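Subject: Structure handover

Hi,

Here is the structure I promised to pass on. Have a look at it first, and my notes on what turned up follow below.

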Amino acid sequence: MEAAALNQKQSAPGALASFARFVLCGGGVGVASSLAVAALASWMPWALANALITAASTLLATELHARFTFGAGGRATWRQHAQSAGSAAAAYAVTCVAMLVLRHLAADPGALAEQAVYLSASALAGVARFAVLRLVVFARHHARRTPARPVTAAVAGAPAGPKTLCRAA
């Protein structure tokens, strides 16, 4: 069991490698999502299109991040998907606010301006998502806690008995 943990530790990429992989995976999914949102928005309200694409792209990106970006060693767990969804909800809010601000500033901003604002907001949210995913969702807890050892009579300087062992534990 220790050998498996050691192999997993050795295969875990560092922060710079993880960020490069995050940009590659997340950026690729982000660009595809941007095009998909633009296409869907011609058939439905933009916020709904963004929500649908955000949900689908979050599932895909979480799987890619588990397998490739952070070297989690396999498929993402339901817990990781749920935590990732929380950070994606924040990213969704950032992109929505950015688009609302754009439309407040320009009545008909055009597709190029919309894409620039959407991708810029996505990039900003992506940096925050990287931190959350690396530090929380796919965090590796290398420092394992060792179980507390009961204090014996010789160490504590008191007679050994159940009360001494209970207090030490």
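Of the 169 residues in the protein, 28% are buried, where buried means under 20% relative accessible area, exposed means over 50%, and partly exposed is in between (1.4 Å probe, protein chains only).

Before the details, a word on the source. This is a predicted model, so local features need pLDDT of at least 70 and side-chain atom pairs count only at pLDDT 80 or more, while totals for chains, interfaces and linings use all residues. Residues are numbered from 1 along each chain as its sequence is written, and side-chain values use heavy atoms, with hydrogens and water left out.

**Overall fold**

The protein has seven helices and zero strands, counting DSSP runs numbered from the N terminus (H or I of at least four residues for helices, E of at least two for strands). Read from the N terminus, the order of elements is α-α-α-α-α-α-α.

**Helix packing**

Two packed helices are described by the angle between their axes and the distance between the axes. Axes here are lines fitted to C-alpha atoms, for helices over the stretch in contact, and the angles run from 0 to 180 degrees between N-to-C directions.

Take helix 2 (residues 15–41) and helix 3 to begin with: their axes come within 9 Å and cross at roughly 155°. That makes helix 2 roughly antiparallel to helix 3; the cut-offs are under 35 degrees for roughly parallel, over 145 for roughly antiparallel, 65 to 115 for roughly perpendicular, and oblique for the rest.

Now for helix 4 (residues 78–105) and helix 5, whose axes come within 9 Å and cross at roughly 155°. Helix 4 and helix 5 are therefore roughly antiparallel to each other, and helix 4 passes helix 5 in a right-handed crossing.

**Salt bridges**

Side chains of opposite charge can pair when their charged atoms come close. The structure holds three salt bridges, each defined as a side-chain nitrogen of Lys or Arg within 4 Å of a carboxyl oxygen of Asp or Glu.

One of them joins Arg103 and Glu114, at 2.7 Å from N to O. Arg103 sits in helix 4 and Glu114 in helix 5, so this pair ties together parts that are 11 residues apart in sequence. Arg103 is partly exposed at 38% relative accessible area, and Glu114 also counts as partly exposed, at 22%.

Salt bridges that share partners join Glu63, Arg67 and Arg75 into one network. Glu63 meets Arg67 in a salt bridge of 3.3 Å, N to O. Both residues lie in helix 3 (residues 46–69), four residues apart, or about one turn of the helix. Glu63 also forms a salt bridge with Arg75, with the closest N and O atoms 3.8 Å apart. This second pair links distant parts of the chain: Glu63 is in helix 3, while Arg75 is in the loop between helix 3 and helix 4, 12 residues apart. Glu63 is buried, with a relative accessible area of 13%, whereas Arg75 is exposed at 60%.

**A nonpolar surface patch**

Which residues form a nonpolar patch on the surface? They are Phe19, Val23 and Val127, with about 240 Å² of accessible area together. Patches are made of residues with over 30% relative accessible area and no salt bridge, where like charges are joined within 9 Å and nonpolar side chains (Val, Leu, Ile, Met, Phe, Trp, Tyr) within 5 Å. The areas come from the Shrake-Rupley method with a 1.4 Å probe, and for residues only the protein chains shown count as cover.

Phe19 lies in helix 2 and is partly exposed at 31% relative accessibility. Val127 belongs to helix 5 (residues 111–137) and is partly exposed too, at 49%. Phe19 and Val127 are 108 residues apart in sequence, and their C-alpha atoms are 8.9 Å apart in space.

**Two more pairs to look at**

Thr62, in helix 3, is buried at 1% relative accessibility. Its C-alpha atom is 9.9 Å from that of Phe138, 76 residues apart along the chain.

Val136 is in helix 5 and is partly exposed, with a relative accessible area of 46%.

Cheers

Key: A crossing is left-handed if the near helix is turned anticlockwise from the far one by less than a right angle, and right-handed if clockwise.
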